[in-house]
Amino acid sequence: MKVRIFESSQEATHEAAALFIEQIQRKPDCVLGLATGSTPIKLYKELILAYKEGTISFKRVKTFNLDEYVGLDRLHTQSYYRFMCEQLFDHVDIDKRNCHVPNGQAKNIEREVMQYEAAIEAAGGIDMQLLGIGGNGHIGFNEPGCNLDCGTHLESLTRQTIQDNARLFFNGNEAQVPRQALTMGVGTILRARRCVLLAFGKSKQVAVQGMIEGPITKNNPASVLQRHPDTVVLLDTLAAEKLKKKG
């Protein structure tokens, strides 16, 4: 695990964007694992700018998103499919047939997660996986206590995750937040050839410290990235504050 600390989230985001741009340039038909939430929005803006400047093209790129809420229509304001269209897909030359997001409305969940895993494998596996980290250490929607070897699966969200995500729903109403999600499993994430994790702000300090310096434990699912052969962690100074070793 390589850890880099930046003065600001903008500097860290710029470094992450450079890694993804280099990946696309080096392998135009690469497979990217993508994330949602507030953390990667500025990264996607930089990738859109790079596309508009002619630095990269998404024509041959395939993408697989980490997760999706169960029960939300794809056009719902908080669906992750809609988020990806608004934040990236609608602004670049990607073929949306190559954009994969778990189907949270699938009638047969077991079949959906098996097909999602099979689609990743058929694409040749993920070349570079973008990650964030929850305040409780979750990656994707792999919550504390999860199986650290599992593939894509149905996950029940913890109280903390529901509270954290409520601000994104109408009037911050927790009752509107789905209680379950489909998510790539920790085992799926670990099969990516490279992982790039972004974490910013005071609310991530405890989770970041446990991920980097704590034991590998299902109580902090992100800690399993210590096992991964090529993970880059990009932090701002606030997120890194509790680390004993800063560089």
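User: Where does threonine 13 sit, and why is threonine 13 called buried or exposed?

Analyst: This is a predicted model, and in it threonine 13 belongs to helix H1. Its relative accessible area is 2%, and buried means under 20%, so threonine 13 counts as buried.

User: What does threonine 13 touch, leaving out residues up to four places away in sequence?

Analyst: Lys42, Leu43, Glu46 and Phe200. Contact here means heavy atoms within 4.5 Å.

User: Which other residues of H1 are buried, and what covers them?

Analyst: Along with Thr13, the buried set in H1 is Ala12, Ala16, Ala17, Leu19, Phe20, Ile21, Gln23 and Ile24. The cover over the buried residues of H1 includes E1, E2, H2, E6, E9 and E10.

User: How do you know that the length of H1 fits a helix?

Analyst: Take 1.5 Å a residue: the 18 residues of H1 should span 26 Å, and the end C-alpha atoms are 26 Å apart, so the two agree.

User: Which residues of H2 are buried, and what covers them?

Analyst: Leu43, Tyr44, Glu46, Leu47, Ile48 and Ala50 are buried in H2. Their cover includes helix H1, strand E2, helix H3, strand E6 and strand E9. Just after H2, glycine 54 has a positive phi of about 85°.

User: Where is arginine 60 found, and what does arginine 60 touch?

Analyst: Arginine 60 is in the loop between H2 and strand E3. Not counting residues up to four places away in sequence, arginine 60 is in contact with Pro28, Asp29 and Cys30. There is also a separation of 9.1 Å between the C-alpha atoms of arginine 60 and aspartate 93, which are 33 residues apart along the chain.

User: Why is alanine 123 called partly exposed?

Analyst: Buried needs under 20% and exposed needs over 50%. Alanine 123 has 26% relative accessibility, so alanine 123 counts as partly exposed. Alanine 123 lies in the loop between helix H4 and E6, and touches Val31, Lys62 and Phe64 once neighbours within four places in sequence are left aside.

User: What is the strand order in the open sheet, and why do E1 and E5 stand at its edges?

Analyst: The order is E1-E10-E9-E6-E2-E3-E5, seven strands with parallel pairing. E1 and E5 each have a single partner strand, so one side of each is left without a neighbour in the sheet.

User: How do you know that E9 and E10 pair?

Analyst: Pairing takes at least two bridges. E9 and E10 run parallel and are joined by five bridges, so by that cut-off they pair. One example is valine 196, whose bridge partner in E10 is valine 232.

User: What makes E8 a partner of E4 and of E7?

Analyst: The bridge count again, at least two being needed. E4 and E8 pair over three bridges in the antiparallel sense, with glutamate 68 bridged to leucine 182 in E8. E7 and E8 are antiparallel too, over four bridges, and histidine 153 stands opposite threonine 183 in E8.

User: What is the volume of the largest pocket, and which residues are closest to its centre?

Analyst: The volume is about 810 Å³. Of the 37 lining residues, Thr36, Gly37, Ser38, Asn165 and Arg167 are the closest to the centre. The elements giving two or more residues to that lining are E4, H3, E6 and helix H5.

User: How many residues of each class are in the lining of the largest pocket?

Analyst: The lining has 17 polar, 15 nonpolar and five charged residues.

How values were computed:
Residues are numbered from 1 along each chain as its sequence is written. This is a predicted model: local features need pLDDT of at least 70, side-chain atom pairs count only at pLDDT 80 or more; totals for chains, interfaces and linings use all residues. Side-chain values use heavy atoms; hydrogens and water are left out. Buried means under 20% relative accessible area, exposed over 50%, partly exposed in between (1.4 Å probe, protein chains only). On a 1 Å grid over the protein atoms alone, a cavity is a set of points where a 1.4 Å probe fits but cannot get out, and a pocket is an open set with protein on both sides within 12 Å along at least five of seven lines; lining residues have an atom within 4 Å of a point. Grid points are joined across faces, edges and corners, and a volume is the space filled by probe spheres set on the points. Ala, Val, Leu, Ile, Met, Phe, Trp, Tyr, Cys and Pro count as nonpolar, Asp, Glu, Lys and Arg as charged, and the others, Gly among them, as polar. The expected span of a helix is 1.5 Å times one less than its number of residues.
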